[in-house]
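Have the viewer open as you read.

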Amino acid sequence: MTHPPWQHATADTTYDPARILCYDSEFVRERSYIPKLALVQTCQPGGVAQLYDPLNGNIPWATILRHPAPIVMHAAAQDLELMQLCGGALPASIRDTQTGFALCTPNLAISYAALVEHYLGIAPDKSQTRSDWLARPLQAVQLDYAADDVGLLARLYPLLVADLQRLDRLAWWAEESVAQLARQQQARDAWHWYRLQGAPQLRHDDKPVAQILVEARERLAAAHDLPRRAILSDRQIITIAQKRPSAPENLAEYLAPDHLLWQELPYLAQRFSDNTPPPAPPASPRLSPAKRQHYEQLCAYTADTAAALNIHPDMLAPTRVLKNYVAKPDPTSPLLTGWRAAFFREPLGKLL
């Protein structure tokens, strides 16, 4: 008896195209603090794409989020963010095709268009990528584009599954999917001065003002649902911080009288007077000469192993994770759990 390439003879139907649901969405994030969901598309392999308009409130979130098999997406982070914001929850299980492809090739972050071309030999139409998805009514060309996007995902999915099964890496994909959902549930890192574009230009005494302006910008952007740059650009914050104004009143030299930032004057006054030091950026651990040698050996081992597996070294183990482990060995490290443990348990024991 033969079995489809996505199924083991032992009956795990997790990857059966008849069970999974492919998901895509169109959204606009350039005009607001919170991204605006404009369209949701779903499709099952062999089926017809279903399009849902969130502006009409007709998205069946309960049906989508409680789908009994994995939800398949490409580069899922933004879709998951909007599921949480608009649907109020995350699906129980996902499969990110970008991650899946990275588990069987050295391409760490393949684009959707390149993935479609790789598996289907089609160059997908991207002409509507920048169209106004919030305008109504949506045009026929937009609807066709949206349906094609999720339909092509449904077509390529079984081919990707077949590649991963041939390499015996479907379990790896499942582990990575669980980890991706867990990361999505974690609180997002706050915006701090060191996340500004151009932050290395700031001197030590510039950073307190930069931090105050970053915090005020975040408060205003959230309150008015505006993109950060509509309040102050990163460049403006750095320019003002380099002048080191000592009080909020001194900001009048740089801001128009009707600037939104003046709405935060009480907050600015309090922050300018409290002398709270700005947060330090995350530091990379320092290694002794002996540990530095171990770290370099581990990096070389990782590169060689990744090459043998035909995947990107960062997919196997980012250098940040390697360095942190060498600095402070931790039995709960991702290097020693899940599918990576088979490759790192022995060499870590030898090196450390």
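Asn310 sits in the loop between helix H11 (289–309) and helix H12 (313–316). Helices here are DSSP runs of H or I with at least four residues, strands are E runs of at least two, and both are numbered from the N terminus. This is a predicted model, where local features need pLDDT of at least 70 and side-chain atom pairs count only at pLDDT 80 or more, while totals for chains, interfaces and linings use all residues. Residues are numbered from 1 along each chain as its sequence is written, and side-chain values use heavy atoms, with hydrogens and water left out.

Asn310 has 40% relative accessibility and counts as partly exposed; the scale runs from buried (under 20% relative accessible area) to exposed (over 50%), with partly exposed in between, using a 1.4 Å probe and protein chains only. What does Asn310 touch, not counting residues up to four places away in sequence? The partners are Cys104, Thr105 and Pro106, where a contact means heavy atoms within 4.5 Å. Asn310 and Pro106 are 204 residues apart along the chain, yet their C-alpha atoms are separated by 5.7 Å.

The structure holds zero disulfides, a disulfide being a pair of cysteine sulfur atoms within 2.5 Å. Cys104 is in no disulfide, and the nearest cysteine sulfur, that of Cys22, is 16 Å away. Cys104 is buried, with a relative accessible area of 8%, whereas Cys86 is partly exposed at 38%.

In helix H9, the buried residues are Asp234, Ile237, Ile238, Ile240 and Ala241. Seen down the axis of H9, these fall within an arc of 165°, so they line one face of the helix; the arc is that of the directions from the helix axis to the C-beta atoms. In helix H10, the buried residues are Tyr267, Leu268, Arg271 and Phe272. They cover an arc of only 130° around the axis, which puts them on the same side of H10.

The face of H10 turned away from its buried side carries the exposed residues Pro266 and Ser273. Helix H7 (207–224) is among what covers the buried residues of H9, and H7 is also part of the cover over the buried residues of H10.

|---|---|---|---|
| H9 | 234–243 | Arg244 | positive, near 55° |
| H10 | 265–274 | Asn275 | positive, about 55° |

Now for a helix pair. The axes of H4 (residues 112–120) and H5 (residues 140–166) come within 9 Å and cross at roughly 60°. H4 and H5 are therefore oblique to each other. H4 passes H5 in a left-handed crossing. On the H4 side, the residues that meet H5 are Tyr112, Leu115, Val116, Tyr119 and Leu120; their partners in H5 include Leu152, Leu153, Leu156, Arg155 and Asp163.In these terms, axes are lines fitted to C-alpha atoms, for helices over the stretch in contact, and angles run from 0 to 180 degrees between N-to-C directions. Angles under 35 degrees count as roughly parallel, over 145 as roughly antiparallel, 65 to 115 as roughly perpendicular and the rest as oblique. A crossing is left-handed if the near helix is turned anticlockwise from the far one by less than a right angle, and right-handed if clockwise.

Zooming out, the chain has 14 helices and five strands. Of its 352 residues, 45% count as buried.
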